[in-house]
Each structure stands twice: as structure tokens, then as C-alpha cells.
Amino acid sequence: MKTKISIFISLFLSFIIFLSLSQMMFNYIFQNEPYFYYGSFPIENKNLMFSKTFPQQAKAVLVLEDDILKVYLPKDNEYFDLILKDIKSFLYDISIKLNKIVKPYFIEKKNLKFPDIYDYYIKILRSVFYSVIFFSGWMFSLFDKNNLKLFFLHYYKEISIRFLIFLSAIILYLIPIFFFFSNYNIFLSSLIYALSAIFIVSIFENIYLNLFMYIVFGIINFDNIIISNKIYLIILFLTLLINFIFNYISIFITREAAKIERNKRKDFRGIERKIK
């Protein structure tokens, strides 16, 4: 257990360091991403780029209509605070140029795609989050057949302690996520896929098969297929149900095999006695 705790602490600290450094690097690179403006625009800036048609991909699209600056953003973006300073600067320059107060109007647009750099950043974050949850949960997992045996044998106290350790390991990773990000939904699917992978690999004792399942769920997580929360819960429930059924069958088969072996030994001893 001490070894597992040491590994977990190392993973947890590495995760926090990764979040800090990756966010700093992303913020620096993201500043150079241009803003697109559509239609006439009274000011010029090195960060502004004209588009003849409404862009399909941008960190923000600016459209000036009378005294309103419409700022179109991709839906569920995580970088609003990063661009707010630039938007205020644009508003000030436009107001000075037009000699009137221009106000912002922010609009989230579903079919406006994120810039590639943001998309890659989120995918990397989700992959790392998925990995640390998976390996930490796998270390402290209580969803294998041995723990199921303990549950059937009424070792509730032991199971409760192991469950609390497992739950604590998962929750600790959520704390820095809440600290660094305001939109937690982008990590919800990663959490679900990691827990589902833990439920499935807890069935098998072959490390290569377990790593294969980790890769399979990791690929699904990387593709970031957005589905409803109800579907995520269904996936979690089904994988947990599969885990229970397979582990129960495994326990039953092992128990029956043990009974057959005991009966064979009894029969063999009975034969030996008759011969004597």
C-alpha cells in the first residue's frame, strides 16, 4: 500500500505541474491567434484579420453594427477571460475612432469551430486527465473478483475503507480541474471513460489485455465525441454491470471447480481405504 500511495502522490503532483505549465504555454501561443472581423471595421490591428465571408473557424469573429460590437465565440469555449482584455482594447479604439460609445454583445455560435491550437490543447488535457484517473483508479480499484468475494462474505468494513481510498484518489484529481478551469463539462466524458475502463480491466488479470482496453477507451476519449449526460451515465452503468456479471461468473466457476476438486480427493481417499 505504501508503494501505491507513493506512486499516486507522484502522479498527482506531476498532474498539477502539467496543468500549470501547459496553461502558461497555451496562453502565450494563443495570444498570437488572430481575431477575424466580418464586414467593415474602422480600426486596424496586427491581431485583426479581414474575412470576406463569415469564418467557420476562429477564436472570435467581430462584427460591428452601429454602436454594437458583436463578438461571436465558439460554444463551450474556455478562453473568454483570455480575450476579454483584447476586446476591451478594440472597443476603446473603435469608440475613439467613431466618437461614440460602442458596447459589446457576446454570442456563442454552435457551428463556429475552435482554432486548431485550442482543439489540440483540450485533447491533450483530456488525454492526460483520462490517464491519471485510469492508472490511479486501477491501483486502488475494488472492482475485481477478490473484492467481490469479500463483499459476499460480509467484509463490509474492509470494502468501505477500500471504496473511500478509491473515491479519494478520484476526487483529488478533480480539485485542480475546478481550480484551473471554469467549464468542467469538457472533462466529464474523460472521467466517465476512465471509470468505465477501470470497470472493464478489473475483470481481467492479463496486463496486456488491460493495456489494450486502456488504449481503446483512450482513443474514444481523444476523439471527444460529445453525447448527452444520460448516455454517459448509461455507459458507466453498463460497464459496471458487465464487471459485476463477469466477476460473479468467475467466482461461481472457481467455486464449482474447487468443489469438483474436493470431491475428486474424497473419492480418491475412499478408493485408497477400500484397497487397504
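In what order do the five strands of the open sheet lie? Let's start there, and keep in mind that what we're looking at is a predicted model. Reading across the sheet, you get β2-β1-β3-β4-β5, and the pairing is mixed. If you're new to sheets, strands pair through backbone hydrogen bonds, and they can do that in a parallel or an antiparallel way. At the edges here sit β2, residues 48-51, and β5, each of them pairing on one side only. Going from one strand to the next, the twist averages 30 degrees.

Okay, let's zoom in on one pair. Strand β4 covers residues 68-74 and β5 covers residues 103-109, and these two run parallel, with seven bridges between them. How does the chain get from β4 to β5? It goes through helix α2, residues 80-98, and this β-α-β crossover is right-handed. If you want to find the pairing on screen, look for I68, whose bridge partner in β5 is K103. Then find L73, which stands opposite E108 in β5.

Now a quick stop at two loops. D66 lies in the loop between β3, residues 61-65, and β4. D66 has a positive phi of about 60 degrees, even though it isn't a glycine. Is D66 buried or exposed? D66 is exposed, because its relative accessible area is 64%, and the cut-off for exposed is over 50%. The other loop is the one between α2 and β5, and that's where you'll find N99. N99 isn't a glycine either, and its phi is positive too, near 60 degrees. With a relative accessible area of 70%, N99 is also exposed.

Right, let's go inside. In soluble globular proteins, nonpolar side chains tend to be buried together. Here the largest nonpolar core has 63 residues, and the members that touch the most others are F41, L62, L69 and F129. Which helix gives this core its largest share? That's helix α6, residues 185-201, with twelve residues. Let me pick out L62 as well: leaving out residues up to four places away in sequence, L62 touches several residues, including Y35, F41, L48, L69, I87 and F90. Apart from that core lies another one, of six residues, among them V61, V63, Y72 and L112.

Let's finish on α6. The helix has 17 residues, and from its first C-alpha to its last it reaches 25 Å, close to the 24 Å expected at 1.5 Å a residue. How many of the residues in α6 are buried? The count is 15 of 17, so α6 is mostly covered, buried meaning under 20% relative accessible area. I200 counts as buried because its relative accessibility is 10%. And what does I200 touch? Setting aside neighbours within four places in sequence, I200 is in contact with M213, F217, T239 and I242. Also have a look at N243: I200 and N243 are 43 residues apart in sequence, yet C-alpha to C-alpha they are 5.9 Å apart in space.

Terms used:
Residues are numbered from 1 along each chain as its sequence is written. This is a predicted model: local features need pLDDT of at least 70, side-chain atom pairs count only at pLDDT 80 or more; totals for chains, interfaces and linings use all residues. Side-chain values use heavy atoms; hydrogens and water are left out. Two strands pair if DSSP finds at least two bridges between them. Helices (H or I, at least four residues) and strands (E, at least two) are DSSP runs, numbered from the N terminus. A crossover is right-handed if, with the strands pointing away from the viewer, the path from the first strand over the helix to the second runs clockwise. A nonpolar core is a set of buried Ala, Val, Leu, Ile, Met, Phe, Trp, Tyr and Cys residues joined through side-chain atoms within 4.5 Å. Buried means under 20% relative accessible area, exposed over 50%, partly exposed in between (1.4 Å probe, protein chains only). Contact means heavy atoms within 4.5 Å. Axes are lines fitted to C-alpha atoms, for helices over the stretch in contact, and angles run from 0 to 180 degrees between N-to-C directions. The expected span of a helix is 1.5 Å times one less than its number of residues.
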